[in-house]
Amino acid sequence: MLPDSWQAVLGEELEKPYFQDLTEFVEKERAEHKVFPPREEVFAALDATPYDRVKVLVLGQDPYHGEGQAHGMCFSVRPGVKTPPSLRNIYKEMTDELGLPVPDNGYLMPWARQGVLLLNAVLTVRESEANSHKAKGWEKFTDAVIRAVSRREDPAVFVLWGGYARKKAPLIDTDRHIVIEGAHPSPLSVKLFRGSKPFTRMNEAIAAQGHPPVDWRIPDLGV
């Protein structure tokens, strides 16, 4: 189930009772309801960003719950799907800060391939029911992901937007890693998000850790 690069650091989680209960719950949900993302994309974020290549970990909450949106990476949607409001706000900040053009799509795979782990705290959701798989066990698993990155000698940048994500700060070794906290880019808190310069702060933190910078441009797909 797990990509090879994560198997050594997370494989034991899959053997624990909570994860077996979680698996049974999700499979029952899939049998009775439509669940996103598809089974083969639940660990897409881990697949796109190998363990030893994580430079930035961005923590979201749970997947988009509309048809065709979620594909296993927080804030990202498939090509051809309308860019959601939170991501539009992220793009607006990126444009204001870095002078980059607004992309015609919300597919963030170019970031993931450069070492930006786009991790949701909850990895599945029932259609049209936000947070429907909250507190079923996913948080224990994704806490283990955060701890695994925090244990690395190679430093990373952890981006915690909003109160929910900021509660995860105690899981991170701040002597070794850099934590960037701020308001969530959702329409409800975007006034606080605007002007927070998250991309500048991430770039500066990445440089301070001796890593190559992330090219934040998202190529247009003509969709």
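Leaving aside neighbours within four places in sequence, which residues is Asn120 in contact with? Select Asn120 to find out. Bear in mind that this is a predicted model.

**Stop 1: Asn120**

Asn120 sits in strand E3, which covers residues 116-120. Now show what surrounds Asn120. Leaving aside neighbours within four places in sequence, the contacts are Leu59, Gly60, Gln61, Asp62, Pro63, Met73, Cys74 and Thr142. Is Asn120 buried or exposed? Asn120 counts as buried because its relative accessibility is 9%, and the cut-off for buried is under 20%.

A polar atom of the Asn120 side chain lies 3.2 Å from the backbone nitrogen of Gln61.

**Stop 2: the largest pocket**

Colour H7: it gives the most, four residues. The volume of this pocket is about 560 Å³. By class, its lining has 14 nonpolar, 15 polar and one charged residues.

**Stop 3: the second largest pocket**

How much space lies in the second largest pocket? About 360 Å³. Select Arg39, Glu40, Glu41, Val42 and Phe43. Of the 19 lining residues, these are the closest to the centre of the second largest pocket. Now show helix H2 (17-32) and helix H3 (44-48), as each supplies at least two lining residues. H2 has the largest share, with six residues. Colour this lining by class: 11 residues are nonpolar, two are polar and six are charged.

Notes: Residues are numbered from 1 along each chain as its sequence is written. This is a predicted model: local features need pLDDT of at least 70, side-chain atom pairs count only at pLDDT 80 or more; totals for chains, interfaces and linings use all residues. Side-chain values use heavy atoms; hydrogens and water are left out. Buried means under 20% relative accessible area, exposed over 50%, partly exposed in between (1.4 Å probe, protein chains only). A polar contact is a pair of N or O atoms within 3.5 Å; within protein, one must be able to donate a hydrogen and the other to accept it, and residues adjacent in sequence count only if both atoms are side-chain atoms. Contact means heavy atoms within 4.5 Å. On a 1 Å grid over the protein atoms alone, a cavity is a set of points where a 1.4 Å probe fits but cannot get out, and a pocket is an open set with protein on both sides within 12 Å along at least five of seven lines; lining residues have an atom within 4 Å of a point. Grid points are joined across faces, edges and corners, and a volume is the space filled by probe spheres set on the points. Ala, Val, Leu, Ile, Met, Phe, Trp, Tyr, Cys and Pro count as nonpolar, Asp, Glu, Lys and Arg as charged, and the others, Gly among them, as polar.
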